[in-house]
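Here is a note on the model below, written as numbered points. Please read each point with the structure open.

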Amino acid sequence: MLAIPDHLHREACQQLPDTQRSQLGQYMTSAAIARFMASLFHYPEQARLLDAGAGTGSLTAAFLDAALQHGTSTAVDAWEIDPTLRRYLQTTLEQYVQRGQGRVTTQLHSVDFIEDTSFAAQTSIGKRYTHAILNPPYKKINTQSRHRQLLRKAGIETVNLYTGFVALAILLLETGGELVAIIPRSFCNGSYYRPFRELLLKQCAIRHIHLFESRSKAFGADDVLQENIIIHLVKSEEQGQVTVSTSHDARFADYQEACFAFANIVKPGDVEQFIHIPTSHAATDIPAVSTHSLVELGLEVCTGPVVDFRLKECWSAQPGNNTVPLLYPHHFSTGQLVWPKLHKKPNALHLLPASRRWLMPNGHYVLVKRFSTKEERRRVVAYHLTPAMLGSELIGFENHWNIFHIGKAGLDATLASGLATFLNSTVLDDWFRVFSGHTQVNATDLRTLRYPSRAQLRVLGERAASYASIDQTTIDQLVAAL
C-alpha cells in the first residue's frame with residue numbers, strides 16, 4: 001500500500017500558517033480514517049473518482065489502494081488550491097499512476113472547486129462521476145460572496161463550504177454513484193441547513209453513518225470540537241435501512257454497528273427533515289411521556305433578546321440606581337444563580353430607552369444554555385429562574401440563553417419547575433443527542449422536541465419542589481415515574 005502516512009500530513013501542516021489553514025477551513029484526514037472511508041464503497045470494473053479539497057491526497061490514496069485490490073481501473077479528478085498541499089498531492093498521484101500500470105489516470109485541478117464545477121452541476125454538461133470521496137473545508141459562506149452566488153445558481157442554498165462541496169459532488173455523481181464524506185454533524189438539524197438536507201434526501205439514499213463519540217479525536221491535534229461523522233450516500237437509490245456505526249476515535253478500536261429503519265433516521269412527517277443518529281435501538285424513540293409540542297402546551301421559546309455589544313452604552317458593572325439585572329450563563333456556572341458576579345461582562349443594564357425594549361418582566365422562566373462545553377456531561381442544561389431570585393421588575397436575558405416563556409412573560413411556578421426537571425433528565429438528554437451533535441442548543445431544536453402534557457409537567461414540578469435539593473438520580477426517577 002502507498003496510502004499517505006500520517007507524518008506527511010503533519011509535515012505538510014507545519015508548512016501552513018494557522019491563519020491560512022483557518023482561512024481555508026483545512027483539517028487533514030488520518031490514514032486510518034481514509035482507509036475506513038474507502039472501505040465503504042462498492043468497486044466496479046471502472047471508476048471515475050472526484051476528490052475536492054484533496055489536501056495531500058490521503059483519501060484518493062486510500063480509494064486507489066482498495067480499487068487496485070479489487071481490480072478496478074480508476075480515473076481521478078482531484079481539486080486542491082493550496083500550492084503547498086498541491087505539491088504533496090502531485091507526488092501522491094504520480095506514485096499511483098506508476099503503481100497502477102495503466103489502471104490509474106489522474107488530473108490535478110489547481111482551481112477553486114466551486115468556481116470550476118458549479119456550471120456543470122446545474123447543467124447536463126461536463127463529466128459525471130461514479131465515486132466521490134471528500135473531506136471538504138469547514139468555513140461559513142458570506143451571504144454576498146461569490147461562492148454563495150455560484151452555489152445558488154446551481155440550486156444549492158447553504159451557509160458553509162462543507163455542505164456546498166458535498167452538494168456539488170452529489171449533483172456531479174451519475175445515477176448509482178456513491179459519495180463518502182467526513183463532515184461536521186451540524187447539518188443534521190437546524191433551520192439553516194434545511195435546504196441542504198432536502199437536496200441530500202431528494203437526490204440520495206443514506207446507506208451508512210459513522211459517528212465519532214469524542215468531539216475532539218477525529219482530527220487529532222486539530223481544534224475541532226463539534227462531532228464529526230462519516231456519511232455514505234448512493235445517488236438515486238431507493239432508501240432502505242441505514243447502518244449506524246460508532247467508535248470513540250479515529251483508531252476504530254471499539255467499532256460497533258447496528259441497522260435502523262429509515263423512519264428512525266428521518267422521522268415521517270418531519271417538515272424540518274432532521275437527521276437522527278441513534279447509537280442503540282433503545283434511543284430510536286422519544287421518551288414515552290413526550291407526546292406534546294410546545295404549541296400544544298401553549299409555551300414558546302426564544303433566544304435571549306439582549307445582544308450585549310449593541311448595548312454597551314447601557315452597561316453597568318454592578319447593580320445600582322435605575323439598573324436592571326443582566327443574566328449570562330456564567331451567572332449559573334456553579335449550577336446555582338450567583339448574581340452579581342465579578343466578571344469582565346456587566347451584571348446590569350441602565351434602564352434607558354435603548355435597553356428597555358429588550359427586557360422581559362420578572363417571572364418564572366426556564367433557561368437553557370445555548371452552548372455547552374465539551375467537559376459538561378449533559379448537552380441540555382436547564383435552570384428554573386424564580387422572581388424572588390432577582391427582585392427586579394424587569395430582567396435582561398443575554399443572547400446565549402434560550403428562554404421558555406408565555407407571550408414574553410413568565411410561566412406559573414409549578415409548570416416551570418416541571419419543565420426544567422424534564423429538560424434536565426438523562427432520557428431527554430440522550431434523545432437530544434440522537435439528532436444534535438454540536439455544542440449549540442438552538443431554539444429550533446427545543447421547538448422540535450416533544451414534551452409531557454401540562455398536567456404531567458405540573459405533577460413533575462410538584463414532586464421536584466418537595467426536595468430541598470435534587471440530584472440527577474432523583475430527577476431521572478421522577479421523570480421515569482410519570
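**Notes on the model**

1. Strand 15 (residues 365–369) and strand 16 are paired antiparallel, with four bridges between them. Helices (H or I, at least four residues) and strands (E, at least two) are DSSP runs, numbered from the N terminus, and two strands count as paired if DSSP finds at least two bridges between them. Val368 has Ala382, in strand 16, as its bridge partner.

2. Before going on, note what kind of model this is. It is predicted: local features need pLDDT of at least 70, side-chain atom pairs count only at pLDDT 80 or more, and totals for chains, interfaces and linings use all residues. Residues are numbered from 1 along each chain as its sequence is written, and side-chain values use heavy atoms, with hydrogens and water left out.

3. The pair in point 1 belongs to an open sheet of four strands, ordered 10-18-15-16, with antiparallel pairing. Strand 10 (300–303) and strand 16 (382–385) are the edges; each has a single partner strand, so one side of each lacks a neighbour in the sheet. On average, neighbouring strands here are turned by 25 degrees against each other, direction ignored. Helix 12 (residues 413–423) packs on this sheet and touches strand 15, strand 16 and strand 18 (401–405); its direction makes about 165 degrees with that of strand 16. Contact means heavy atoms within 4.5 Å; axes are lines fitted to C-alpha atoms, for helices over the stretch in contact, and angles run from 0 to 180 degrees between N-to-C directions.

4. Another open sheet has nine strands, in the order 3-2-1-4-5-7-6-8-9, and its pairing is mixed. Its edges are strand 3 (104–109) and strand 9 (256–260), each with a single partner strand, so one side of each has no neighbour in the sheet. The twist from one strand to the next averages 15 degrees.

5. Strand 1 (residues 46–52) and strand 2 run parallel and are joined by seven bridges. Helix 5 (residues 83–100) lies across strand 2 and strand 3, at about 165 degrees to strand 3.

6. Is Thr74 buried or exposed? Thr74, which is found in strand 2 (residues 73–79), is buried, with a relative accessible area of 3%. Buried means under 20% relative accessible area, exposed over 50%, and partly exposed in between (1.4 Å probe, protein chains only). Not counting residues up to four places away in sequence, Thr74 touches residues including Ala47, Leu49, Phe63 and Arg103.

7. Strand 6 (residues 204–212) is largely enclosed by the rest of the structure, because eight of its nine residues are buried. Strand 6 pairs with strand 7 in the antiparallel sense over seven bridges, and His210 stands opposite Ile230 in strand 7. Strand 6 and strand 8 run parallel, joined by five bridges; here Ile209 stands opposite Val244 in strand 8.

8. Two loop residues make a contrast. Glu238 lies in the loop between strand 7 (228–235) and strand 8 (242–247) and is exposed, with a relative accessible area of 73%. Cys188 lies in the loop between strand 5 (173–184) and helix 9 (194–203) and is buried, at 0% relative accessibility. The C-alpha atoms of Cys188 and Ile275 are 4.7 Å apart, although 87 residues separate them along the chain.

9. The largest nonpolar core has 51 residues, and Leu50, Leu179, Phe187, Ile206, Ile229 and Ile231 touch the most other members. Such a core is a set of buried Ala, Val, Leu, Ile, Met, Phe, Trp, Tyr and Cys residues joined through side-chain atoms within 4.5 Å. Helix 8 (residues 161–172) gives the largest share of this core, 10 residues. A second, separate core of 32 residues includes Ile33, Phe41, Ala47 and Leu68.

10. The protein chain averages a pLDDT of 89, and 88% of the residues score at least 70; pLDDT is the predictor's confidence in each residue, from 0 to 100. Over residues 19–25 the pLDDT is below 50, and over residues 218–225 the pLDDT is also below 50. Where pLDDT is low, the predicted coordinates should not be read in detail.
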